[in-house]
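Me: I'm new to protein structures and would like to learn how to read one. Could you go through some features with me?

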Amino acid sequence: MLVKSLENCVSLDEAAALIVAAPRVHFNLEGEAGIGKTSIKDLIMEKLGSLYHWVYFDCAQKDLGDIAMPATNRELRVTEYFPNAIFEFQSGKPLVICLDEFSKAFRPVQNMLHPLLESYNPRLGDVPLPEGSIIFLTGNISSMGVGDVLKAHTLNRVTTVRVRKPTSDEWIQNWAIHNNIEASILHYVKETPQVFASFEDPGEENNERIFNPKHPEQPFVSGRSLAKASDIVAAREGYTHNALLVALRGTLGLKAAQELANSIRFQDMLPSMASIVQQPTKAKLVDDPAALMVMVYKAAAAVTSETLDPVVTYMARTGPEYLSLFFLNIAKSKKQHILTRGKNAQFQKWVIKNQDII
């Protein structure tokens, strides 16, 4: 049971809601590596719409010249600071500025960015931010031991909130399904929820799949590394099985790579999505329960509004349990519009029967 990682923390959705609802508060989002702190962009911009302009600034990789440069005003015989174009002051829109890895930045870079953190006169150099702009910071928790430190005067200007890891279901339904993550990885994450445990959780101190500050040099499972593993698995026809395992080990670590190999084996037993769409009543069926679970995730990740009907026809052949899981995974994901906009008869029947679990 995951306990500590869920206490005194917010989810990514909750963090986005805080940032949007209190724009004058500069939130500092702390969390473990690879959990999606910077991908919060989609959640924030979805709430704000096109009136705002997004700016991402990787503080740990920047120097002073990447922020602003002095320019000479010959008429007044003074110098002024002109913001770098990366900050998009020229867009004419209020900005949402993500200062990523602020806590790892060189001290002069932090000092130069500090005026952005003022509540009543945020500015860059001498140039005020467009009215209504939003600034927030991201970084890793200090217990990870990767160099994240903020001075007291910075901490007093920001509101620090701990962002927890997603659960396996949250990662699958809120992100992975609509980002074309390989079905074998979705199945692995569902069957092995410990991959989203925290090293701070009781009983997870020796979890070989996740980041551990005692062994910071080892690859580990995170949302970010799982997305990389998906690309490796998707291209597996281009190299040997041994090369696949070696690449996965270098991405996820030894234990997770070995465990994932079983899900990949089930994936290879399944028919292609093209054959399902073209011949839903004749495409190959498998009878292995684990392979059928991978099929559920494969279909949920790949289905579109145009292919819904043939995919549902095929999934109905796998049995009512797997068809129900297929519907449920989509209904709880951000792809739910595929179902709600369509008029698939089998889905309509399923909704009537399962309104209590949607």
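This is a predicted model: local features need pLDDT of at least 70, side-chain atom pairs count only at pLDDT 80 or more; totals for chains, interfaces and linings use all residues.

Me: Let's start inside. How many residues does the largest nonpolar core have?

Reply: The general idea is that in soluble globular proteins, nonpolar side chains tend to be buried together. Here the largest nonpolar core has 57 residues. Trp171, Ile185, Leu186, Leu248, Met315 and Phe326 have the most contacts inside this core. Helix α11 supplies its largest share, ten residues. There is also a second, separate core of 23 residues, with Val55 and Leu99 among them.

Me: Which residues does methionine 315 touch, leaving aside its neighbours within four places in sequence?

Reply: Met315 is in contact with Met295, Val296, Ala299, Tyr322, Leu323 and Phe326.

Me: And how do α11 and α13 cross?

Reply: For two helices, look at their axes. Those of α11 (residues 289–302) and α13 (residues 320–331) come within 9 Å, crossing at roughly 35°. The crossing is right-handed. Residues making the contact include Leu292 and Val296 of α11, and Leu325 and Phe326 of α13. By class, this contact has eleven nonpolar residues, one polar and no charged ones.

Me: What is phi of arginine 77 near?

Reply: Most residues other than glycine have a negative phi. Arginine 77 has a positive value, near 55°, and is found in the loop between β3 and β4. Asparagine 180 also has a positive phi, about 60°, and lies in the loop between α5 and α6.

Me: Is asparagine 180 buried or exposed?

Reply: Exposed means over 50% relative accessible area, so asparagine 180, at 61%, counts as exposed. Arginine 77 is exposed too, because its relative accessibility is 77%.

Note on methods:
Residues are numbered from 1 along each chain as its sequence is written. Side-chain values use heavy atoms; hydrogens and water are left out. Axes are lines fitted to C-alpha atoms, for helices over the stretch in contact, and angles run from 0 to 180 degrees between N-to-C directions. Helices (H or I, at least four residues) and strands (E, at least two) are DSSP runs, numbered from the N terminus. A crossing is left-handed if the near helix is turned anticlockwise from the far one by less than a right angle, and right-handed if clockwise. Contact means heavy atoms within 4.5 Å. Ala, Val, Leu, Ile, Met, Phe, Trp, Tyr, Cys and Pro count as nonpolar, Asp, Glu, Lys and Arg as charged, and the others, Gly among them, as polar. A nonpolar core is a set of buried Ala, Val, Leu, Ile, Met, Phe, Trp, Tyr and Cys residues joined through side-chain atoms within 4.5 Å. Buried means under 20% relative accessible area, exposed over 50%, partly exposed in between (1.4 Å probe, protein chains only).
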